[in-house]
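Here's a quick briefing to read alongside the model. Have the sequence and the 3D view open, and we'll go topic by topic.

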Amino acid sequence: MSGKYILQILMIFIVFGSAGAALGFEQDDIQMHGFASQGYLKSTDNNYLGNSKDGSWEFNEVGINFAVPISDTLRFGIQFFSRDLGSYGNNNLFIDWAFMDYSYTDWLGFRAGKIKTPMGFYNRQRDADILRTGILLEQSVYPEVIRDFFVAFQGFSAYGSFGFNKAGDLDYEIYWGVIEGPSDTTSFEGGIATMVPVLYIDLLGQQNNYDIVLSHMVGGMLTWNTPIPGLRIGGSGMHAEGEMDIIGTATTIDLTLNQVSIFSGEYEKGPVTFAAELLLMDIEFSLAGIPDIPIESQGYYGRISWHVVNWLSVAISYGLFYPQPDDKDGSNFEDAGLPSALAYQKDAALSFRFDIVEKWILKLETHYMDGIAQVNGTDYASMKDKWFLFAIKSSLSF
Amino acid sequence: MRVIKASGFAVILLVLLCRYASADILMIVNSSVKETTITKADIKRIFLGKKKWWDDKQKVNAVIIKESPVHSEFVTTYIDKSPSSFSSYWKRAVVTGTGIPPKSFDTEAEIVKFIQETAGSVGYISVDTPHDGVNILTIE
């Protein structure tokens, strides 16, 4: 089912829903919120998430959202969004999410439209800097280079929460949909290729825009909010099939996300939060004339955040990402004439968040990086295995 | 004997303190709400947006007080979150479209007035706040 057809269904919901509640609709019911962030990235070596080696201001997000309760059971919401992160986004304005939400009972509700994908504990909020202590979400589990696959889909979901009193409660969401449209990545070099250099080389280093169509996408997320106060654990997964069309060429790559899963744990005790997640990906690229390229990537991290006082929070995290876990030391990459450091990304980060006033925050962050997986570009000879990344960012919310 | 008396006094004091701590907050509801008791689990689910309906299918309309000692005590005791964590929880819902935060008020008097006038509404106040015209839920 095409995305346009889904949006037509959504519009029908809006018309009927609005007509049914027209008599009781008040302007005061509309809620509007937003956020804006601007940051700066600087690396000692290697370009990462932009031209960070020279210093990059291409690092911002702006979002504005509206929530419209139509009746006790029906509401509509939409968020307009613009972002820039190196070659990603380039401040194109688009609809981040827009859906009708029908709540039947506590344990069953339905959404239809463009919906943020429930994947891991932090995927849905990945673009809102105001919601975390750190600047960069852990790239070992939430890599920006494949953000297009996970950030949102057009389709339907069913969701709900079961309360078990002394056993806590269970939240779920299952979905079906499609991902369509041009990637917000302007360069192939900045996208999949940085994570899968072997794929890039097989395509002879072409740099093109690409359109992604992921159809037949199904997935779900289950979270157990345990009876231990502050402890929740969850699992999420998806399967999808589709293709990537390289614009300006006759090249189409068949893409199968056999499975993408994230297992999550979070424990909040007073001002301290512990979090850990594991990403498992099994993706297959198929291109006429070359053998199928299976990618089984793995990433995980652990993080501790401490809300020290009202105006200060600190976080430390350590993440590891392996594009090909059966080659963690990079010997296969070396055999293929590539640097062994392409086989891993080890990222130790320290973050400070200053809440200047209620709706204005400033963050400082430093990363010690070991490995060049996910680094931009293919000039491997000039890359350093061990390097630092510094980031500063300021955000407003309303 | 002295040790037994001291221990007994300590136990009584502890019980009184616990009763005092739990009696700082009153859960109040509109007169349309049929429930007379509520569990801590249901309080948590209501104010995290997971319990949306009373038993008679009337919509739950939860309200909160903006940053204040009674709000801090309420979210810490009944939601198992710090005030900043509770605020972040609803900011996440807003940014992702998955929920609409409870209406918030500056004073407990405004809370009481809203609950007097709004069917299905539920909120919390300190025990000393006048609350004519609303029902009290006993916390189980």
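How many of the 5 residues of strand 3 of chain B are buried? The answer is 4, so this strand, residues 61-65, is largely enclosed by the rest of the structure. Keep in mind that this is a predicted model.

- Chain B has an open sheet of 6 strands, in the order 2-6-1-5-3-4, with mixed pairing.
- Strand 2 (37-38) and strand 4 (103-105) of chain B sit at the edges with a single partner strand each, so one side of each has no neighbour in the sheet.
- To find the spot, look for B:Ile38, whose bridge partner in strand 6 is B:Ile139.
- Back to strand 3 of chain B: on the strand 4 side there are 3 bridges, and the two strands run parallel. Here B:Ile64 stands opposite B:Ser104 of strand 4.
- Strand 3 of chain B also runs parallel to strand 5 (residues 121-126) of chain B, this time with 2 bridges. B:Ala62 has B:Val122 of strand 5 as its bridge partner.

**Where chain A meets chain B**

- The contact involves 33 residues of chain A and 24 residues of chain B.
- Together the two chains bury about 2,500 Å², and 51% of that is on carbon and sulfur atoms.
- On the polar side of things, 9 residue pairs are in polar contact across the interface, counting pairs with both residues at pLDDT 80 or more.
- Which strands of chain A each supply at least two residues of the side that touches chain B? They are strand 1 (31-43), strand 2 (59-69), strand 3 (74-85), strand 4 (93-105), strand 5 (108-116), strand 6 (152-163) and strand 7 (169-179).
- Strand 4 of chain A gives the largest share of that side, with 5 residues.
- By residue type, the side of chain A that touches chain B splits into 11 nonpolar, 13 polar and 9 charged.
- There are 4 salt bridges across the interface of chain A and chain B. You can look up the one between the side chains of B:Lys81 and A:Glu268, at 3.8 Å from N to O.

**Salt bridges, with a focus on chain A**

- Over all chains, the salt bridge count comes to 25.
- A:Lys116 and A:Asp96 meet through their side chains in a salt bridge of 3.0 Å, N to O. A:Lys116 is in strand 5 of chain A and A:Asp96 in strand 4 of chain A, so the pair ties together parts that are 20 residues apart in sequence.
- Is that pair buried or exposed? A:Lys116 is buried, at 2% relative accessible area, and A:Asp96 is buried too, also with a value of 2%.
- Another salt bridge joins the side chains of A:Arg111 and A:Asp101, at 2.9 Å from N to O. This pair links distant parts of the chain, with A:Arg111 in strand 5 of chain A and A:Asp101 in strand 4 of chain A, 10 residues apart. Both A:Arg111 and A:Asp101 are buried.
- Further along, A:Lys386 forms a salt bridge with A:Asp370, where the closest N and O atoms are 3.4 Å apart. A:Lys386 belongs to strand 16 (residues 386-397) of chain A and A:Asp370 to strand 15 (residues 360-370) of chain A, so parts 16 residues apart in sequence are tied together. A:Asp370 is buried, with a relative accessible area of 13%.
- Salt bridges with shared partners also build a network out of A:Arg83, A:Asp96, A:Lys116, A:Arg126, A:Asp127, A:Glu144 and A:Arg147.

**A:Asn65, a buried polar residue**

- A:Asn65 lies in strand 2 of chain A and is buried, with 2% relative accessible area.
- What does the side chain of A:Asn65 make a polar contact with? It's the side chain of A:Gln79, at 2.9 Å.
- Setting aside neighbours within four places in sequence, A:Asn65 has contacts in both chains, including A:Met32, A:His33 and A:Trp97 as well as B:Val94 and B:Val95.

Note on methods. Residues numbered from 1 in each chain as written. Chains lettered and ligands numbered in written order. Predicted model: local features only at pLDDT ≥ 70, side-chain atom pairs only at ≥ 80, totals over all residues. Heavy atoms only, no water. Pairing = 2+ DSSP bridges. Contact = heavy atoms within 4.5 Å. Buried area = accessible area lost by both parts, 1.4 Å probe. Polar contact = N/O pair within 3.5 Å; in protein donor to acceptor, adjacent residues only side chain to side chain. Nonpolar A, V, L, I, M, F, W, Y, C, P; charged D, E, K, R; others polar. Buried < 20%, exposed > 50% of the residue type's maximum accessible area, 1.4 Å probe, protein only.
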